Amino acid sequence: MENTHQIKRFADFDEAAAYILELLGKHIDISTLFIAKNDGKTNNIIKARNTKAKLVEEGSAMPLPQSYCSLSLNHGPKPLVIEDLSRNELTQSMEITKSFGQGTFVGVPVYYSDNTIYGTICGLDDQFYKLTEEDLSTFETMSTLLTYVLELEKANQQIQTLTAPIVPVAKGIAIVPVIGDITASRAQMIIKHVLEKCSAETMDHLIIDLSGVLEINAVVAEYLLKLVNILKVVGVTPAITGIQPLMAIKVPHFAAELKDVMIEVNVEVALKKLGLILVTEDIKKPDFR
């Protein structure tokens with residue numbers, strides 16, 4: 001018998017978070033489900049699923065102390081349930097409660113694997129909603145699942161960074177060898193990684209070596225152009241090496257828009273243009289005769 005079950009794959013944490021809320025919504029009929037991230041000061045709504053009424057705006061933010069999420073974090077790892085927001089001593093005097101009246105709130109903290117706080121996964125209704133023990137257990141399960149997703153994304157980011165390391169070769173000069181397939185998300189990560197290094201260290205020239213790249217499409221070319229332009233703005237002179245003929249054919253505008261940028265066939269030639277010459281010394285083996 002043919003197995004028609006397909007493994008669900010996610011491009012990033014946002015996509016996984018949306019799917020987790022969808023799963024949770026199939027088991028719990030509360031009006032709104034959302035995932036919030038906080039930095040100790042601000043509560044940011046990363047994903048929201050509104051069904052009966054739009055109680056939470058995805059992408060919105062508010063001071064953490066003014067949010068119900070802060071109460072969940074203070075409560076600890078177990079679900080915090082407030083059946084009547086208008087009468088509970090924790091919420092009745094909060095400004096946000098004016099919007100929900102006799103509504104119900106449930107929140108569970110989401111942790112990284114080292115037990116530091118990411119944020120919360122929550123349910124909210126502007127009417128009374130009775131949560132069962134099974135509902136609360138499901139919330140806890142989804143919180144644990146989010147922890148796994150966060151760690152997978154963190155590991156993936158580390159892997160992607162390792163495939164585009166910044167290698168210093170002389171004072172003020174470094175090389176970033178880009179290897180393998182480049183996706184839009186990976187290109188964004190490379191830009192972030194490069195800019196962090198440039199801000200942390202004094203750098204005058206950065207050589208972006210593409211000789212290990214298998215393919216560059218139009219989207220990736222735009223990200224590389226963005227990196228080049230950002231480097232110019234922050235005072236780092238970029239150079240490009242290793243562009244394969246096939247790449248130039250597929251994205252002809254890429255090379256055209258780099259007319260003011262040093263483009264060389266390989267790293268050695270680029271280094272020579274920057275005044276550096278690679279010298280290899282022949283070390284003679286001792287003659288024991």
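Which residues does Ser67 touch, not counting residues up to four places away in sequence?

1. **Ground rules.** This is a predicted model: local features need pLDDT of at least 70, side-chain atom pairs count only at pLDDT 80 or more, and totals for chains, interfaces and linings use all residues. Residues are numbered from 1 along each chain as its sequence is written, and side-chain values use heavy atoms, with hydrogens and water left out.

2. **Ser67 and its contacts.** Ser67 touches Asn43, Met62 and Met94, leaving aside residues up to four places away in sequence. Contact means heavy atoms within 4.5 Å. Ser67 sits in the loop between β3 (61-63) and α2 (68-75). Helices (H or I, at least four residues) and strands (E, at least two) are DSSP runs, numbered from the N terminus.

3. **Ser67, buried or exposed?** Ser67 has a relative accessible area of 2%, so it is buried. The cut-offs are these: buried is under 20% relative accessible area, exposed is over 50%, and partly exposed is in between (1.4 Å probe, protein chains only). A polar atom of the Ser67 side chain lies 2.7 Å from the backbone oxygen of Leu64.

4. **Strand β5.** Look at residues 104-111. Seven of the eight residues of β5 are buried, so this strand is largely enclosed by the rest of the structure.

5. **Partners of β5.** Two strands pair if DSSP finds at least two bridges between them. Strand β4 (residues 80-82) pairs with β5 in the antiparallel sense, over three bridges. Here Leu80 has Gly107 of β5 as its bridge partner. Strand β6 (residues 117-125) also pairs with β5 in the antiparallel sense, over eight bridges. Thr104 has Asp125 of β6 as its bridge partner.

6. **The hairpin turn.** Five residues lie between the strands in the hairpin of β5 and β6. Asn115 is found in this loop. Its phi is near 75°, a positive value in a residue other than glycine. Is Asn115 buried or exposed? Asn115 has a relative accessible area of 61%, so it is exposed.

7. **Cysteines.** How many disulfides does a search of the whole structure find? The search finds zero. Cys122 is in no disulfide; the nearest cysteine sulfur, that of Cys69, is 3.8 Å away. A disulfide needs a pair of cysteine sulfur atoms within 2.5 Å. Cys122 counts as buried because its relative accessibility is 0%. Cys198 is buried too, with a relative accessible area of 12%.

Technical notes: Polar contact = N/O pair within 3.5 Å; in protein donor to acceptor, adjacent residues only side chain to side chain.
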